[in-house]
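Student: I would like to learn how to read a structure such as this one, going from a single side chain to the sheets around it. Could you take me through it step by step?

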Amino acid sequence: MFGKALFTVKTEALWELSREKSRFVAMSFRVFCPEESREKLKKAMECYPQATHYVYAFRCGPQGEKEYASDGGEPKGSAGRSVLGALRRLAVTNSMVVVARYFGGKKLGIRGLIEAYGDAAAGVLKASELIPYVQEERITVTTEPQAFELFVHRLLQHLKTKERLKLERACCEVSFTIPENQKDALFGFLEREYLRGTVKHFTKEG
């Protein structure tokens, strides 16, 4: 598993399938670290609040070494491992799949659950347009209170995207991830902002 080329999801996607009147809604997410999985699971549950089960799995890290799977109340070993298996087979990292199931009234059995959850996970990953994984770093910046909006404006001009940008106005923090090969240019930008008086300090997490 380790040492092979890895991929990650380009776009977060949805994929649905039905088995014996049960509906399976699969959602893909990009995650940088295991801690982000809680936020993504909460989002999935808010989108589909009436689902019977929420099964999920994620893989993170430059070798996909951080991974976890949950059966979400389904029989042990019947669901989460199937979702994780799809992530492994497609060599996907820094990604998470949640499958919300609406029970249709007929039990599928262990084999049926394994196939349904595995197919749902594989389907949403393929719909997510997998792209080669590039190692990322997470940056957290603390700004001067009066310069928060100005810094965010300048940062967006530098990054040219809002993707994975998290704003915490109450504590004047901005966090985001960047490909490792872009960090030198980003640190140059942050050092200039520090000299301008908009940035207090910044930290990185690889």
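Predicted model: local features only at pLDDT ≥ 70, side-chain atom pairs only at ≥ 80, totals over all residues.

Student: Is Y56 buried or exposed?

Tutor: Y56 counts as buried, because its relative accessibility is 13% and the limit for that class is under 20%.

Student: How many aromatic pairs does a search of the whole structure find, and how are the rings of Y56 and Y68 placed?

Tutor: The search finds five aromatic pairs. In the pair made by Y56 and Y68, the ring centres are 6.1 Å apart and the planes meet at 40°, so this pair is described as tilted.

Student: How should I read the side chains along a strand, and which residues of β4 point each way?

Tutor: In a regular strand the side chains alternate between the two faces of the sheet. In β4, H53, V55, A57 and R59 point one way, whereas Y54, Y56, F58 and C60 point the other way, and all of them are buried. Because eight of the eight residues of β4 are buried, this strand is largely enclosed by the rest of the structure.

Student: What holds strands side by side in general, and which strands does β4 pair with?

Tutor: Strands of a sheet pair through backbone hydrogen bonds, in either a parallel or an antiparallel arrangement. β4 runs antiparallel to β6, to which it is joined by seven bridges, and Y56 stands opposite V98 in β6.

Student: What is the order of strands in the open sheet of five strands, and where are its edges?

Tutor: The order is β2-β3-β6-β4-β5, with antiparallel pairing. The edges are β2 (14–19) and β5, each of which has a single partner strand, so one side of each is left without a neighbour in the sheet. From one strand to the next the twist averages 15°.

Student: Which helices lie across these strands?

Tutor: Helix α1 (residues 36–47) lies across β3, β4 and β6, running at about 140° to β3, while helix α2 (residues 80–89) lies across β4, β5 and β6 at about 35° to β4.

Student: What order do the strands have in the open sheet of four strands?

Tutor: That sheet has the order β9-β10-β8-β11, and its pairing is antiparallel. Its edge strands are β9 (166–168) and β11 (199–205), each of which pairs on one side only, and the twist averages 20° from one strand to the next. Helix α4 (residues 148–159) packs on this sheet, touching β8, β9, β10 and β11, and its direction makes about 10° with that of β10.

How values were computed: Residues numbered from 1 in each chain as written. Heavy atoms only, no water. Phe/Tyr/Trp six-rings, centres within 6.5 Å; stacked < 30°, edge-to-face > 60°. Buried < 20%, exposed > 50% of the residue type's maximum accessible area, 1.4 Å probe, protein only. Pairing = 2+ DSSP bridges. Helix = DSSP H or I, 4+ residues; strand = E, 2+ residues; numbered from the N terminus. Axes fitted to C-alpha atoms, helices over the stretch in contact; angles between N-to-C directions. Contact = heavy atoms within 4.5 Å.
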